[in-house]
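Have the sequence and structure open as you read.

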Amino acid sequence: MSSKSVSPHALCSFSFSFWLPQMVPFRGSHWQTSLLAFRASLPVRAQPKKKKKVDVKREQAQKDRMKKKIKKLEKAAPEMIPIEDFVTPLKYSDSNRVRSLPALSFEETERRVLLMKKWCSFKQKQDKAEKKAIQTLVEAQQEALKELRLESEELYQAAIRRDEGLFPFERDGPNYTPPLPGYDPPEGKCIDITKVYTQ
Amino acid sequence: TAAAPRPWRLFGAMCLLRLPRITQPLEKEEEEMAALMEQIELEKSHYSDHEIRKLKEEEQLRRRKESMYDDDEAPGKTVIMAQDLEDEWEQKLLRFKAAARITDADKNNNRTSLNRKLDSNLMLLVKQKIGNQDLWLMPQVEWQPGETLRSTAERAMATFLGDHIEAKILGNAPYGIYKYKFPRAIRTEDNVGAKVFFFKAFLQSTDLSQAELKGDYLWVTKDELGDYLKSEYLKKVNRFLLD
């Protein structure tokens with residue numbers, strides 16, 4: 001491509017030699033910015049252009065190769081992140097770690113089984129009571145809304161509208177002891193050492 | 001008849017709840033089960049690093065006692081044993097004194113205080129004049145046209161507790177209703193009775209020293225409500241109160 005195009009600089013130099021007898025103050029080339037100053041830099045003509053084009057081509061080829069490599073890597077399946085909890089570290093499988101306790105007696109196993117059964121029925125009663133309480137709650141509310149509707153339709157519509165400010169509802173749960181007034185908690189810093197994996 | 005104005009007067013009442021601050025004590029079955037679970041967990045577990053260290057040191061102590069002059073450890077080096085650490089932790093725990101679960105208000109049975117019965121819900125009751133009777137009720141005011149029932153309930157709360165109350169009202173819908181007819185003496189065609197709609201709210205601000213409490217007020221648990229409320233009213237209120 002470069003061999004075929006005629007560089008305008010070549011034309012320029014040709015014109016310079018042609019017009020010389022007229023002694024017109026004429027700049028030799030655009031590299032010479034003022035008439036009196038010396039040539040500041042070597043007027044390298046054809047070379048920089050070739051380098052630029054070849055460079056551009058080479059750089060583009062390099063970029064394409066990199067992109068292909070990246071695509072290949074992306075196509076490969078993402079590596080699974082190991083779940084730390086499911087992998088027991090090897091140091092805990094040593095035999096010296098196994099606890100040595102006396103075997104359970106027959107009475108003990110019996111007691112445990114009976115306790116489990118008592119617990120099962122206790123929890124079932126608790127659950128039933130909770131469900132019944134929720135049922136009464138809902139019924140009471142429905143009755144209230146029915147009465148309200150009988151009273152006025154617009155009040156009813158205002159009542160069944162969703163309350164936007166209610167959720168997200170946050171509350172600190174109850175503790176074992178009430179807060180101690182004037183308690184100064186000890187100073188300390190918690191350094192998080194969990195390993196973070198990226199896929 | 002459908003276009004005739006309803007003869008019921010509407011009231012909005014607020015049931016303000018102070019949520020529990022401490023956990024309720026465990027039932028007998030719960031305690032037994034918790035102990036059993038701990039035991040089973042212990043049996044299924046392996047020794048931890050601390051326990052291994054403790055066992056090794058006990059072993060060393062025993063060997064040193066049996067063979068009197070066993071000095072293979074460098075003499076003069078003070079070693080902190082695992083048992084010492086455990087004793088130190090025990091001492092630290094005993095030195096800490098937590099706040100009491102049963103407060104002074106509990107002991108005095110001061111029903112106007114918020115620090116009573118920290119493990120259950122407390123409801124607000126105020127003494128109001130209805131007709132010519134002074135009754136203990138949930139704070140209520142009459143509904144005025146132009147406001148929703150929820151704002152009526154908020155107004156009721158503000159009337160009795162002042163403006164600086166932070167309470168989270170649970171939704172726009174009423175939780176319960178108490179309907180009653182006026183006694184025959186004052187009943188008219190337009191004024192048969194009243195409907196009181198209850199709204200529930202959770203008290204967020206922890207101390208009410210700022211609040212200007214007007215008149216008599218009480219903070220009671222659900223079981224103690226029966227001491228103050230009339231039976232019909234109590235029946236309706238109990239339906240929407242858990243615990």
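## Cavity, pocket and cores

α3 (106-151) of chain A, along with β6 and α6 of chain B, each give at least two residues to the lining of the largest cavity. Helices (H or I, at least four residues) and strands (E, at least two) are DSSP runs, numbered from the N terminus. This is a predicted model, where local features need pLDDT of at least 70, side-chain atom pairs count only at pLDDT 80 or more, and totals for chains, interfaces and linings use all residues. Residues are numbered from 1 along each chain as its sequence is written, chains are lettered from A and ligands numbered from 1 in the order written, and side-chain values use heavy atoms, with hydrogens and water left out.

A cavity is a set of points on a 1 Å grid over the protein atoms alone where a 1.4 Å probe fits but cannot get out; a pocket is an open set with protein on both sides within 12 Å along at least five of seven lines, and lining residues have an atom within 4 Å of a point. Volumes are the space filled by probe spheres set on the points, with points joined across faces, edges and corners.

| Space | Volume | Lining |
|---|---|---|
| Largest cavity | about 40 Å³ | two nonpolar, one polar, three charged |
| Largest pocket | about 590 Å³ | 14 nonpolar, six polar, five charged |

The cavity is lined by A:Ala140, A:Glu143, B:Gly176, B:Ile177, B:Lys236 and B:Arg239. As for the pocket, β3(B) gives the most to its lining, with five residues.

Now the packing. A nonpolar core is a set of buried Ala, Val, Leu, Ile, Met, Phe, Trp, Tyr and Cys residues joined through side-chain atoms within 4.5 Å; buried means under 20% relative accessible area, exposed over 50%, partly exposed in between (1.4 Å probe, protein chains only). The largest core has 31 residues, and B:Met138, B:Phe198 and B:Leu225 touch the most other members. A second, separate core of 25 residues includes A:Leu145, A:Tyr156, B:Leu122 and B:Ala153.

Which helix holds B:Arg150? That residue lies in α5 (residues 149-161) of chain B. B:Arg150 counts as buried because its relative accessible area is 18%. Beyond four places in sequence, B:Arg150 has contacts (heavy atoms within 4.5 Å) with A:Asp163, B:Ile169, B:Gly171, B:Asn172 and B:Phe199.

Methods: Ala, Val, Leu, Ile, Met, Phe, Trp, Tyr, Cys and Pro count as nonpolar, Asp, Glu, Lys and Arg as charged, and the others, Gly among them, as polar.
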